[in-house]
Amino acid sequence: MEGRREHGSDLSRGGTPDSPTVIIGPDSDGPLPSSSEVVSGTGVRHMPGPIRFHARPSTRMAIRPTRARSGRLTTAHGVVETPQFMPVGTNATVKALDPDDLREVGATIVLSNTYHLALRPGHDRIARLGGLHTFMAWDGPILTDSGGFQVVSLGRSRTVDDDGVTFRSHLDGSLRRFTPEHSIAVQEALGADIAVAFDQPVPPHASSRAEVVDAMERTHRWAERSLVAHGRADQALFGIIQGGLEPDLRERSTRFIADKAFDGLCIGGLAGDETALQRRAMLDVVVPLLVDDPRPRYLMGLGSPLDLLDAVDAGVDLFDSVLPARVARNGSLWVPEGRLNLRNARFLDDGAPVQDGCRCRLCRSFSRAYLAHLFRADELLAYRLATCHNLTFTLDLMARIRSAIDAGTFPELRRQLIADGSSKEPAE
Ligand SMILES: [Zn+2]
């Protein structure tokens, strides 16, 4: 890694001094005693570019060390405090919620899926209609993934070659093709604040070393092509680190991707079929290599509370997952003690809220009995209320994590939350 100065200048790729995307000068953030800022001899650099990121490591060292850090990511559509969780709006909507709901649950950035939107309704159509922010009426920050995970996950209906991936649409079976250049073109048309380089993830546990090497090297070549193809100055581009569960490959991939002029670094190929210990081992390879790197770190696809706590502890800033919303639609509601399955008959006479003291739309107004009834009657409101609760739970957890990091008490919070969640898990 060549150092901060080079990354700093790279961040201005394509930007102009009067770019509408330059938002906040560093002074507005106050003093930031961080080792991971981009600094010059006189302080923090003013860099033109699509995003800014300032990270603050946990200051007062608690009983045991942690790599947890809080930070602030500034985009043209708003500020994202980190560590942060991004709800997933696959089809330009977080299922069952509208943008007002999203604001209420505390979302400050959402993820949308390039693969799905390219197939339906089509990125050109969204561009003609004013871009993704206008189309989905969400004026906050948006990140689009590259489509790599979706097309590679299509199993037998896709073939990977060095140029790209040919696959059959899950909608109509038509033959389609994604290349790094096409993924970038789609993401530029959608116009999210942050785009992601096209990659080839592999299931970490179920892949041979040879398969992991092959996919990693291809991902590296595609990362370089994605950078060349990307020209939209008001959009950041993140690169993806791969390397499976092999420490030496993770290290190679981290060094390769971190050496490129990306605006942020995704850690891909995890949150899959690996164990929590295997995932942590890989994060303990990747993050120490980035200790002096000023860019945000984003672990793709992670969403359960205990997994988020562990990855924050390992030094990750950004997360996304369909998990909180998906399990909510199945009737599984997250509470500090574990989870409640609202399809269980014992809740039909339970007049208490799902979670005492929860600020969400569900818990403010309705009982467990009412929600249990809605699920049994297949009422649509059940999906909205349950999703509001699980996303509020997740985003409030992230807020508590950020406060604890800033107070130097994150290790204690983590220990306490693990104890609460594992000791009182209700029977279902
Ligand atoms: Zn609630």
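A residue is buried if 20 or more other C-beta atoms lie within 10 Å of its own, exposed if 12 or fewer, and partly exposed in between, with C-beta atoms placed from the backbone. This is a predicted model: local features need pLDDT of at least 70, side-chain atom pairs count only at pLDDT 80 or more, and totals for chains, interfaces and linings use all residues. Residues are numbered from 1 along each chain as its sequence is written.

**Exercise 1.** Find which residues of α11 are buried.

*Solution.* Locate helix α11 at residues 305-313. Helices are DSSP runs of H or I, at least four residues, numbered from the N terminus. Seven of the nine residues in α11 are buried. They are P305, D307, L308, L309, A311, V312 and D313. After α11 comes G315, with a positive phi near 105°.

**Exercise 2.** Describe how α14 and α15 pack.

*Solution.* Helix α14 spans residues 368-376. Its axis lies 7 Å from that of α15, at an angle of about 130°. Axes are lines fitted to C-alpha atoms over the stretch in contact, and angles run from 0 to 180 degrees between N-to-C directions. In the contact, L371, L374 and F375 of α14 meet L381, A382, L385 and A386 of α15; contact means C-beta atoms, placed from the backbone, within 7 Å.

Conventions: Helix = DSSP H or I, 4+ residues; strand = E, 2+ residues; numbered from the N terminus. Contact = placed C-beta atoms within 7 Å.
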